[in-house]
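This note is intended for a colleague who is meeting the structure for the first time. The points below may be read with the sequence and the coordinates at hand.

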Amino acid sequence: MRSGFAKLRLGQALRLGVAAGKVSLWRSSRWRAPAWTPLGEAAYGPDDTLHGDFSALGQALAQLLPAGEYAGWPLSVVLDDALARLWQVDVPQGAARLADIEAAAALRFQSLYGDAPGLWHSSSAWDARAPFFCAVPHALLAQLTRVAAERKLALIFITPQFARHWNRWHGALKPGAWFGQLQGRTLTLGVRDDGCLRAVRALPVPPGAGRDWLLQALAREALLQGVSAPALLQLCGTAPAGWLAQAGQFNCQIFFTPDGDGTLSPAAQLAHSGGLA
């Protein structure tokens, strides 16, 4: 029998979507059809909270990744934003060192979420004018890295969905546009001003929300952040048809929609986030 390493072809990789309560594993291929092949899904117990040990998640991953089956394969992991913390930090006046920004980020994190920063692993996707931080529980990272090491997988990245989409698409944003991600009933906004990310805001989307709701939500967020409302929202996800209709000077444009978005589970949609790149 050939080993997992022998079965790996150039351009192929594993992609794992981790939602609250379920994981979905896919094989991706850059140059061979099909681009996405499902390898399995598994549920894990609801006892795993953001402050738990995520042991049930580890068991689900071991079930999806049999020992020796994928040795040597690259693995990328996309997390549900509900399993992470996302926040933006204003650079302290006179700050000249990375340590100053990281200290400000830790204080901002504690004031927003009330959690001890030591329970979380934080990283940044930022420019010096407007740092954007995300944090993932250490226990969650420990389970992912442990299983990857035991299965001899090459771990490429572990990232929340919004950070994945932001890193993939922010360079293509047009002047004055805001960035958006629609996943389920949550619209996560990257509020921009003068070309910089000013805030990350997650808004619940009510059933049947149309263009009027979207315009009001954007206007409200602009007022809260003290910036101008956008003339363009560039969005990842499947938007209601009404959002795509021209509304005066405002327009909503789709950046990326996961393949099979209408039939994929939330965990599978996470796996597809950002496409193959």
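1. Phe179 stands opposite Gln234 in β12. The model is a predicted one, and the points that follow should be read accordingly. The strands β9 and β12 pair in the parallel sense, over four bridges. On the side of β13, the bridge partner of Gln234 is Gln253; β12 and β13 likewise pair in the parallel sense, over five bridges.

2. Apart from its neighbours within four places in sequence, Leu232 is in contact with several residues, including Lys174, Gly176, Ala177 and Trp178. Phe250, Asn251 and Gln253 are also among the contacts of Leu232. The C-alpha atoms of Leu232 and Asn251 are 4.9 Å apart, although 19 residues separate the two in sequence.

3. The aromatic residues deserve attention. The structure holds eight aromatic pairs. In one of them, the ring centres of Phe162 and Phe179 lie 5.6 Å apart and the planes meet at 65°, so this pair is edge-to-face. The pair links distant parts of the chain, 17 residues apart: Phe162 is in helix α5 (residues 161-169) and Phe179 is in strand β9 (residues 178-183). Phe162 and Phe179 are both buried.

4. Another aromatic pair is formed by Trp213 and Trp243, which are stacked, with 6.0 Å from centre to centre and 20° between the planes. This pair also links distant parts of the chain, 30 residues apart, with Trp213 in helix α6 (residues 211-225) and Trp243 in the loop between β12 (232-236) and β13 (251-256). Trp213 counts as buried because its relative accessibility is 18%. Trp243 is buried as well, its relative accessible area being 0%.

5. Which residues do ring pairs link into a cluster? The members are Phe162, Trp166, Trp169, Phe179, Phe255 and Phe256.

6. A separate point concerns an open sheet of five strands, in the order β3-β2-β1-β4-β8, with mixed pairing. Its edge strands are β3 (36-43) and β8 (154-160), each of which pairs on one side only. From one strand to the next, the twist averages 15°. Within this sheet, strand β1 (residues 12-19) and strand β2 (residues 22-29) pair in the antiparallel sense over eight bridges. Leu16 stands opposite Leu25 in β2.

7. Helix α2 (residues 55-64) lies across β1, β2 and β3, and runs at about 140° to β3. Helix α5 lies across β1, β4 (74-79) and β8, and runs at about 100° to β8. Helix α5 is also the element that holds Phe162, whose ring pairs with that of Phe179.

How values were computed:
Residues are numbered from 1 along each chain as its sequence is written. This is a predicted model: local features need pLDDT of at least 70, side-chain atom pairs count only at pLDDT 80 or more; totals for chains, interfaces and linings use all residues. Side-chain values use heavy atoms; hydrogens and water are left out. Rings of Phe, Tyr and Trp (its six-membered ring) pair if their centres lie within 6.5 Å; planes under 30 degrees apart count as stacked, over 60 as edge-to-face and the rest as tilted. Helices (H or I, at least four residues) and strands (E, at least two) are DSSP runs, numbered from the N terminus. Buried means under 20% relative accessible area, exposed over 50%, partly exposed in between (1.4 Å probe, protein chains only). Two strands pair if DSSP finds at least two bridges between them. Axes are lines fitted to C-alpha atoms, for helices over the stretch in contact, and angles run from 0 to 180 degrees between N-to-C directions. Contact means heavy atoms within 4.5 Å.
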